[in-house]
Amino acid sequence: MTYQETLNYLFSQLPMYQRIGGAAYKADLSTTQKLDEYFNHPHQRFKSIHVAGTNGKGSVSHMLASVFQNAGFKTGLYTSPHMLDFRERIKINGQMIPENEVVEWVEQHKAILTKLSPSFFEMTVALAFDYFERQNVDIAIVEVGMGGRLDSTNIITPELSIITNIGLDHTQFLGNTLADIAREKGGIIKESIPVVVGEYNNETLPVLKQLADNAKTVLTTADEQFRLLDSKVEENGIKKFFVEDVKERNKFVVELDLIGLYQDKNIITFLASLTEICKIFNLDFKESIKAVKHTASTTGLMGRWQVLKQKPYVVADIAHNADGIIETFKHVKGLKYKTLHIVLGVVNDKDVKSMLKMLPENAKFYFTQPSVPRALDFEKLYDLAKAAGFDGEKFPKVSMAIQSAINKAQPDDMIYIGGSAFVVADALQLAIELKS
């Protein structure tokens with residue numbers, strides 16, 4: 001098979017949550033465990049860091065990968081979803097798994113895939129762990145797909161568990177309260193393995209602390225150690241974070257090429273996690289901080305406040321739930337522009353009404369739908385938005401919506417593209433096509 005034929009097989013044979021939604025979700029680890037047994041438990045032969053959370057886990061995972069890469073570790077990175085190429089999910093030292101590795105792996109193991117009928121995510125985890133083990137990685141940063149307790153990645157025993165934050169997302173699978181979701185995400189907490197928690201509140205922290213107590217391990221909250229004093233984006237596109245070590249009372253600066261306002265929260269989670277990692281792996285904290293300055297370019301991260309054009313200022317961002325949208329539009333509000341244009345598409349299992357409440361009213365809207373089966377029909381999104389008091393235009397394709405926005409925007413306007421990672425993926429694909 002060619003690489004494209006292999007992908008066609010995977011997409012058609014294995015149910016993929018990102019494409020079809022709930023029908024692909026499995027509420028147990030039995031298939032994952034059978035696959036793991038078939039491959040002889042490859043994750044037991046490399047060290048790992050496990051990262052869960054509603055928002056921010058991708059950014060934190062990439063920051064940590066950048067640290068390990070710069071420290072000379074052969075670093076595996078497993079994340080989801082992908083933007084443009086399936087292989088983005090599985091990287092070593094910032095390089096995607098080669099196409100031939102994917103093709104040969106599927107051909108070699110098609111019998112077990114046919115027998116067990118894993119989900120797309122279960123298969124991808126098995127491929128990633130087998131590839132990392134065969135390539136002799138020193139460390140793998142493993143991002144949870146959804147939840148934690150029943151996520152396919154939760155067969156690992158990491159050196160450190162990280163929970164970035166907990167918000168109301170995927171409620172149909174994880175529970176309708178923050179406490180319920182905390183229990184699911186806290187399912188990655190394992191006996192004697194230290195835990196770092198980023199954001200928390202009165203509903204989530206008691207649940208996580210109880211899980212840590214049950215596991216006889218130590219839970220640390222990020223704000224116990226660090227406090228953000230200020231942040232600003234330099235003209236060179238690097239963001240500076242002015243941070244105080246709460247215990248030592250000393251101040252320092254962290255530079256990062258991820259400039260979204262929500263990174264103000266992620267950076268504190270990262271620093272608290274890095275503190276533990278430096279103890280475990282005997283790394284120098286000050287030197288490690290320097291490594292995140294070029295996280296995106298080092299690890300290949302896309303879709304986090306990604307600037308596609310300067311005049312007009314065009315930004316694509318994968319914020320896709322109410323909490324993420326709130327933080328993103330705090331950033332938008334702080335920018336200078338004449339008119340704001342918003343290209344918006346969502347998937348059909350999101351709380352669209354809550355998301356719409358977070359959007360600014362004084363913007364021009366272009367309602368659309370991403371090119372995945374799970375997309376909410378653009379006509380329905382338009383109707384929901386209109387009922388919520390928003391007006392705008394509607395387009396069946398993201399590319400059409402973006403082109404319309406660019407045609408109407410003035411050089412000093414801003415265009416925001418988002419609502420779903422899949423809208424951003426379509427936007428990035430358009431950007432590539434326009435350049436070629």
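Guide: Accessible areas here come from the Shrake-Rupley method with a 1.4 Å probe. By that method the accessible surface of the chain comes to about 18400 Å², and 47% of that surface belongs to carbon and sulfur atoms. The model is a predicted one.

Visitor: How do you know whether the radius of gyration of the chain agrees with that of a compact globule?

Guide: The globule rule is 2.2 Å times the number of residues to the power 0.38. For 436 residues the rule gives a value near 22 Å, and the chain has 21 Å, so the two agree. The C-alpha trace spans about 60 × 55 × 40 Å along its principal axes.

Visitor: What share of the residues of the chain counts as buried?

Guide: Of the 436 residues, 58% count as buried. As for contacts with a separation of 6 or more, 71% are between residues 24 or more positions apart. The secondary structure comes to 17 helices and 17 strands.

Visitor: Why is His109 called buried?

Guide: Buried means under 20% relative accessible area. His109 has 8%, so His109 counts as buried. This residue is found in helix H5, residues 99-116. Leaving out residues up to four places away in sequence, His109 touches Tyr38 and Phe39.

Visitor: Is Tyr131 buried or exposed, and what makes it so?

Guide: The relative accessibility of Tyr131 is 6%, and the cut-off is under 20%, so Tyr131 is buried. Its place is in helix H6, residues 120-134. Apart from residues up to four places away in sequence, Tyr131 touches Ile90, Ile92, Ile97, Pro98 and Glu101. Tyr131 and Lys91 are 40 residues apart in sequence, with 9.5 Å between their C-alpha atoms.

Visitor: What makes Asp180 and Arg183 a salt bridge?

Guide: A salt bridge needs a side-chain nitrogen of Lys or Arg within 4 Å of a carboxyl oxygen of Asp or Glu. The N to O distance for Asp180 and Arg183 is 3.0 Å, so the pair meets the criterion. Both residues lie in helix H8 (residues 178-185), 3 residues apart, about one turn of the helix. Asp180 has a relative accessible area of 28% and is partly exposed; Arg183, at 40%, is also partly exposed.

Visitor: How do you know that the length of helix H13 is close to what is expected?

Guide: The expected span is 1.5 Å times one less than the number of residues. H13 (residues 322-333) has 12 residues, for which 16 Å is expected, and its first and last C-alpha atoms are 16 Å apart. Among the buried residues of H13 are Ile325, Glu327 and Phe329. The buried residues of this helix pack against helices H10 (263-281) and H14 (352-357), and against strands S14 (340-344) and S17 (414-418).

Visitor: Why are strands S12 and S13 called paired?

Guide: Pairing requires at least two bridges found by DSSP. S12 (residues 306-309) and S13 (residues 313-316) are joined by 3 bridges, so they pair, and they run antiparallel.

Visitor: What joins S13 to S17?

Guide: There are 4 bridges between them, and the strands run parallel. Tyr313 stands opposite Met414 in S17.

Conventions:
Residues are numbered from 1 along each chain as its sequence is written. This is a predicted model: local features need pLDDT of at least 70, side-chain atom pairs count only at pLDDT 80 or more; totals for chains, interfaces and linings use all residues. Side-chain values use heavy atoms; hydrogens and water are left out. Helices (H or I, at least four residues) and strands (E, at least two) are DSSP runs, numbered from the N terminus. Buried means under 20% relative accessible area, exposed over 50%, partly exposed in between (1.4 Å probe, protein chains only). Contact means heavy atoms within 4.5 Å.
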